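Here's a quick tour of the links and surface features in this one. Have the model open as you read.

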Amino acid sequence: MKTIKTALMAAAAFALPAGAAFSDTTLRLAYWVPATIAPASAGIIPWAESVTEASDGRIQFQLYPAQQLGAAPDHYDMARDGISDISWVNPGYTAGRFPIFALTEVPFQVSDSIDGVRAIHEWYMQYAEEEMPDVKVCVFHPHAPGALHSKAPMNTPEDVRGRAIRPAHATMARFISQLGGSPIQVPAPEAREAIARGTADAVTFPWGSMYDFSLYDETKYHLDMPFYMSVQTLVINKDAYNGLSDEDRAVIDDHCTPEWSARMAEGWHADDMAARDRLIEDGTHTFHEPSEDEVQAWRDAAEGVLNAWREDVSGRGSDADAIYDSYTEHLEAHGARY
């Protein structure tokens with residue numbers, strides 16, 4: 001195992017920028033998406049490059065994309081256990097483990113990912129030490145609010161009944177089940193095959209994923225509303241962080257801010273919006289913008305998910321009402337409440 005790990009590290013070495021000194025520290029940064037798509041190319045990688053630049057080359061990274069060090073749901077534990085020094089984590093991939101954070105997954109809450117992630121960063125850091133005590137939580141990284149993409153029109157909550165849908169995370173799976181649909185749990189790279197084979201009728205995905213995972217020719221109908229969010233977070237192994245010099249910890253701290261969360265979200269948002277425009281220009285896709293009554297019907301249908309979230313959080317001994325009120329107050333303060 002150690003030999004394999006060493007070989008992976010050597011193969012994935014992050015090159016020194018021109019003119020940089022040899023590094024004092026090399027950190028292993030693991031993420032589960034391909035290096036070529038926007039979450040990495042416009043978010044994770046620029047973050048790492050900025051850390052290297054700000055530390056005058058003292059901090060370097062070995063990057064492990066596409067689940068090289070472990071499966072997507074394992075990335076939190078990988079950082080906790082030191083398999084990686086930093087991991088890009090989707091908390092929604094481990095149902096029930098982070099109940100407070102799961103509020104970010106409840107549909108029809110957030111209208112904008114860039115302003116929204118500033119609010120989410122400020123809000124969740126009140127609870128991060130309680131809910132993710134094994135790691136240092138650094139930044140948060142959402143896509144633009146995602147949509148429902150389907151093989152046939154699915155414009156109202158009633159249209160979900162009897163349909164099989166690939167959900168983005170555990171909360172969306174719960175929502176689909178409450179609507180009478182069947183969640184089909186497959187990794188994002190396998191979603192196209194599930195649609196093509198008829199295993200799934202629809203997906204909840206960011207707009208950019210229509211091209212990242214080649215779904216544009218399988219799902220021709222789109223519910224054009226901010227349907228849901230999936231928020232990833234960069235978490236750092238505590239020993240790796242504490243082992244840095246004071247100067248280098250300050251560099252990391254400067255990159256673990258609401259401003260950096262927003263900066264990382266900008267690139268993914270731009271990619272999502274460009275993909276949406278491309279689908280519109282294609283001319284073979286149908287976009288349904290719901291009426292006010294339809295929006296309200298979706299909101300009403302999602303009350304069951306919010307109530308289930310309250311039960312989950314209360315069952316852990318936390319004040320669900322206070323947590324929810326704080327969440328909405330932060331969203332409203334940043335103009336990101338849907």
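## Salt bridges

Searching the whole structure turns up 16 salt bridges, a salt bridge being a side-chain nitrogen of Lys or Arg within 4 Å of a carboxyl oxygen of Asp or Glu. Before going further, note that this is a predicted model, where local features need pLDDT of at least 70, side-chain atom pairs count only at pLDDT 80 or more, and totals for chains, interfaces and linings use all residues. Residues are numbered from 1 along each chain as its sequence is written, and side-chain values use heavy atoms, with hydrogens and water left out.

Start with a local pair: Asp-77 and Arg-80 meet through their side chains at 3.3 Å, N to O. Both sit in helix α3, three residues apart, or about one turn of the helix. (Helices are DSSP runs of H or I with at least four residues, strands are runs of E with at least two, and both are numbered from the N terminus.) Arg-80 is partly exposed at 33% relative accessibility; on this scale, buried means under 20% relative accessible area, exposed means over 50%, and partly exposed is in between, using a 1.4 Å probe and protein chains only.

## Bridges across the chain

Now for some longer reaches. Asp-253 and Lys-136 pair up in a salt bridge at 3.4 Å, N to O. This one links distant parts of the chain, with Asp-253 in helix α10 and Lys-136 in strand β4, 117 residues apart. Asp-253 is partly exposed, its relative accessible area being 31%.

Arg-174 makes a salt bridge with Asp-312, and their closest N and O atoms are 2.9 Å apart. Arg-174 belongs to helix α6 (residues 170-178) and Asp-312 to helix α12, so this pair ties together parts that are 138 residues apart in sequence. Arg-174 counts as partly exposed at 32%, and Asp-312 is partly exposed too, at 33%. Elsewhere, Asp-56, Arg-58, Glu-247 and Asp-248 are joined in a network of salt bridges.

## The disulfide

Cys-138 is in strand β4 (residues 135-142) and Cys-256 is in the loop between α10 (246-254) and α11 (258-282), so the bond ties together parts 118 residues apart in sequence.

The torsion about the S-S bond of Cys-138 and Cys-256 comes out at about -95°, so the disulfide is left-handed. Cys-138 and Cys-256 are both buried.

## Loops with something to look at

Ala-66 isn't a glycine, yet it has a positive phi of about 55°. You'll find Ala-66 in the loop between β2 (59-64) and α3 (75-81), partly exposed at 43% relative accessibility.

Ser-214 is another non-glycine residue with a positive phi, near 55°. Its place is the loop between α8 (209-212) and β9 (221-228), and Ser-214 is partly exposed with a relative accessible area of 31%.

Gly-317 lies in the loop between α12 (292-315) and α13, and with 68% relative accessible area it is exposed. Gly-317 and Ala-54 are 263 residues apart in sequence and 41 Å apart in space, C-alpha to C-alpha.

Terms used:
Disulfide = S-S within 2.5 Å.
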